[in-house]
Amino acid sequence: MTQTRQRTGTEDQAPETQRPELGGRRSNQKLRTRNAIIAATRELIRGGGEVTMPAVAQAALVSEATAYRYFPDLSTLLRESFTGLLPDPAEAMASLAECSDPVERIEHATRFLLGHVLSYQGAVRAMMSAAITDGQGGAIRPGLRFGLIDSALAPLEQAGGSGSAAESAFALVQLKRDLALVVSAEALFTLTDLCGLSPSEAIDSAVHAARALTRTAVEDRFRPVEQGPAEN
């Protein structure tokens, strides 16, 4: 009499299920590949040159198709790679922790941000391009500038204004909006690419504008705070 061998549930399962260690090894390999892609991207970002998916794939020793399997587009990869690469606003402003002069503080914030933009300009330009092309704006680009501006103007949060509390609050909001135009990568690249300034000249020009905007707002809307030397 021929015996019929009973099928067990394990015969129909995938090899990873039959042998959990295979699934674990594959998960670890995927994680290593993903981390290698991010690490390669960060090295390219720090180099300041152009950052592209082919360049990332080559640096990570994977195919371009593999890179796209882990990250659907360059902007997603850049956004994740920038995480942890830039200090937070509190760290950036730490050297001026005892300074209450918003004019001096905004100069420091402007130089800090634009210095990093220059250092990472290849990646910054790629993210700006993606933000314009995809129409996602702030969903793509890191918002370091806004945190720096908030931190730089923190002394004005406690300063009384020349008008009502509501007027002072609006004046501060308006100042932050104005500063967002000049404490920015857009301003820096306008000055270098269109105005022909050197990087150092461009940063000095942006700093001059940021200081002027802040000083005018302080003098017009807020009670006197400690001021630095007047500019010529």
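This is a predicted model: local features need pLDDT of at least 70, side-chain atom pairs count only at pLDDT 80 or more; totals for chains, interfaces and linings use all residues.
Q: Where does Ser-81 lie, and which residues does Ser-81 touch?
A: Ser-81 belongs to helix H5, which covers residues 74-82. Leaving out residues up to four places away in sequence, Ser-81 touches Ile-38, Thr-41, Arg-42 and Ile-45.

Q: How many helices and how many strands does the secondary structure of the protein chain have?
A: There are 13 helices and zero strands. Read from the N terminus on, the order of elements is α-α-α-α-α-α-α-α-α-α-α-α-α.

Q: How much of the protein chain counts as buried, and what is its accessible surface?
A: Of its 232 residues, 38% count as buried. The accessible surface of the protein chain comes to about 13100 Å², and 53% of that belongs to carbon and sulfur atoms.

Q: What share of the contacts in the protein chain with a separation of 6 or more comes from residues 24 or more positions apart?
A: Such residues account for 69% of those contacts.

Q: What makes Leu-61 count as exposed?
A: Leu-61 reaches 78% relative accessibility, and exposed means over 50%, so Leu-61 counts as exposed. Leu-61 sits in the loop between helix H3 (53-60) and helix H4 (64-70). Its phi is near 60°, a positive value in a residue other than glycine.

Q: Why is Ala-57 called buried?
A: The relative accessibility of Ala-57 is 3%. Because the limit is under 20%, Ala-57 counts as buried. Ala-57 lies in helix H3. Once residues up to four places away in sequence are set aside, Ala-57 touches Val-62, Ser-63, Glu-64 and Ala-67. Tyr-68 is eleven residues from Ala-57 in sequence, and their C-alpha atoms are 9.1 Å apart in space.

Q: Which residues of H7 and H13 meet?
A: The H7 side includes Val-103, Ile-106, Thr-110, Leu-114 and Leu-118. The H13 side includes Ile-203, Val-207, Ala-210, Thr-214 and Val-218. By class, the whole contact of H7 with H13 has eleven nonpolar, three polar and six charged residues.

Q: How do you know that Thr-110 is buried?
A: Its relative accessible area is 0%, and buried means under 20%, so Thr-110 passes the test. Thr-110 lies in helix H7. Apart from neighbours within four places in sequence, Thr-110 is in contact with Val-183, Ala-206, Val-207 and Ala-210. Thr-110 and Val-207 are 97 residues apart along the chain, while 6.0 Å separates their C-alpha atoms.

Q: What makes H7 roughly antiparallel to H9?
A: The axes of H7 and helix H9 (residues 144-152) come within 8 Å, crossing at roughly 160°. That angle belongs to the roughly antiparallel class, because the class takes in angles over 145 degrees. The crossing of H7 and H9 is right-handed. Pro-102, Arg-105, Ile-106, Ala-109, Phe-112 and Leu-113 of H7 make the contact with Leu-144, Arg-145, Leu-148, Ile-149, Ser-151 and Ala-152 of H9. Sorted by class, the contact of H7 with H9 has nine nonpolar, one polar and two charged residues.

Q: Why are H12 and H13 called oblique to each other?
A: Helix H12 (residues 185-194) and H13 have axes that come within 9 Å and cross at roughly 135°. Roughly antiparallel needs an angle over 145 degrees, and roughly perpendicular runs from 65 to 115. The angle of H12 and H13 falls between these ranges, so the pair is oblique. H12 passes H13 in a right-handed crossing. Leu-188, Leu-191 and Thr-192 of H12 make the contact with Pro-199, Ala-202, Ile-203, Ser-205 and Ala-206 of H13. By class, the contact of H12 with H13 has six nonpolar, two polar and no charged residues.

Note on methods. Residues are numbered from 1 along each chain as its sequence is written. Side-chain values use heavy atoms; hydrogens and water are left out. Helices (H or I, at least four residues) and strands (E, at least two) are DSSP runs, numbered from the N terminus. Buried means under 20% relative accessible area, exposed over 50%, partly exposed in between (1.4 Å probe, protein chains only). Contact means heavy atoms within 4.5 Å. Accessible areas come from the Shrake-Rupley method with a 1.4 Å probe; for residues, only the protein chains shown count as cover. Ala, Val, Leu, Ile, Met, Phe, Trp, Tyr, Cys and Pro count as nonpolar, Asp, Glu, Lys and Arg as charged, and the others, Gly among them, as polar. Axes are lines fitted to C-alpha atoms, for helices over the stretch in contact, and angles run from 0 to 180 degrees between N-to-C directions. Angles under 35 degrees count as roughly parallel, over 145 as roughly antiparallel, 65 to 115 as roughly perpendicular and the rest as oblique. A crossing is left-handed if the near helix is turned anticlockwise from the far one by less than a right angle, and right-handed if clockwise.
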